[in-house]
Amino acid sequence: MEELFDIYDDNKNLTGRTEVRKKYFLNEGEYMLLVIALLETPDHKFLITRRSFDKKWAAGDWEIPGGGVHAGETSFEAVCREVGEEVGVDVSKADGGLVYSYKNVDLKRGDNYFTDIYHFVLPMTMDQVTLQKEETIDGKLAPMEEITEIAEGGHFLHYKRILEALAAEKQK
């Protein structure tokens, strides 16, 4: 089944239009909505996953769970669904929430999107994590120092934005 997404305007308002994901070229003033989630344990380790090697983009790189918001879905519903699908963790009642949003405009590739970054703190171990085999090949709980090392090697997605989100959260 084809995945539909809502189209947002420059101000992150719904336009009332939907399109098929991966088939529609986003034009100027059109955006899709993405979500990613920082899942942190009380002892300050973050759940990170490694992308499958058969991924078209950033194969084998490390990241945090997330994905596209489906048509008719809220940002929070999407982050709960994506985290559940990718790592089998329920964040619907976890401490935390939306901490940061940013806009990306790439008119040449039609890659215009808003990304909502969530930060949840919850007790978890890797025994409680179920990796989605189609999406990931590995996962672990890592301190920020290890994530920084991976990022410095050029293999951690969204690292700069994660730091921006954590800094914005501290300022609240």
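A nonpolar core is a set of buried Ala, Val, Leu, Ile, Met, Phe, Trp, Tyr and Cys residues joined through side-chain atoms within 4.5 Å. In this predicted model, the largest such core has 25 residues. Those with the most contacts inside it are Ile48, Ile64, Met144, Ile147, Phe156 and Ile162. Seven elements need naming here: strand 1 (4-8), strand 3 (32-40), strand 4 (45-51), strand 7 (95-104), strand 8 (113-121), helix 2 and helix 3 each give two or more residues to the core. A second core is separate and has 23 residues. Leu39, Leu47, Val69 and Val89 are among them.

Helix 2 (residues 144-152) and helix 3 (residues 159-171) meet as a pair. Their axes come within 10 Å and cross at roughly 145 degrees. Helix 2 makes the contact through Met144, Ile147, Thr148 and Ala151. Helix 3 contributes Tyr159, Ile162 and Leu166. Six of the contact residues are nonpolar, one is polar and none is charged.

The largest pocket has a volume of about 1500 Å³. It is lined by 40 residues, of which Arg21, Lys22, Leu34, Arg51 and Trp57 are the closest to its centre. Strand 3, strand 6 (66-68), helix 1 (75-87), strand 7 and strand 8 each give two or more residues to the lining. By class, the lining has 18 charged, 13 nonpolar and nine polar residues.

How values were computed:
Residues numbered from 1 in each chain as written. Predicted model: local features only at pLDDT ≥ 70, side-chain atom pairs only at ≥ 80, totals over all residues. Heavy atoms only, no water. Axes fitted to C-alpha atoms, helices over the stretch in contact; angles between N-to-C directions. Helix = DSSP H or I, 4+ residues; strand = E, 2+ residues; numbered from the N terminus. Contact = heavy atoms within 4.5 Å. Nonpolar A, V, L, I, M, F, W, Y, C, P; charged D, E, K, R; others polar. Buried < 20%, exposed > 50% of the residue type's maximum accessible area, 1.4 Å probe, protein only. 1 Å grid on protein atoms, 1.4 Å probe; cavity = no way out; pocket = protein on both sides within 12 Å on 5 of 7 lines; lining within 4 Å. Points joined across faces, edges and corners; volume = space filled by probe spheres on them.
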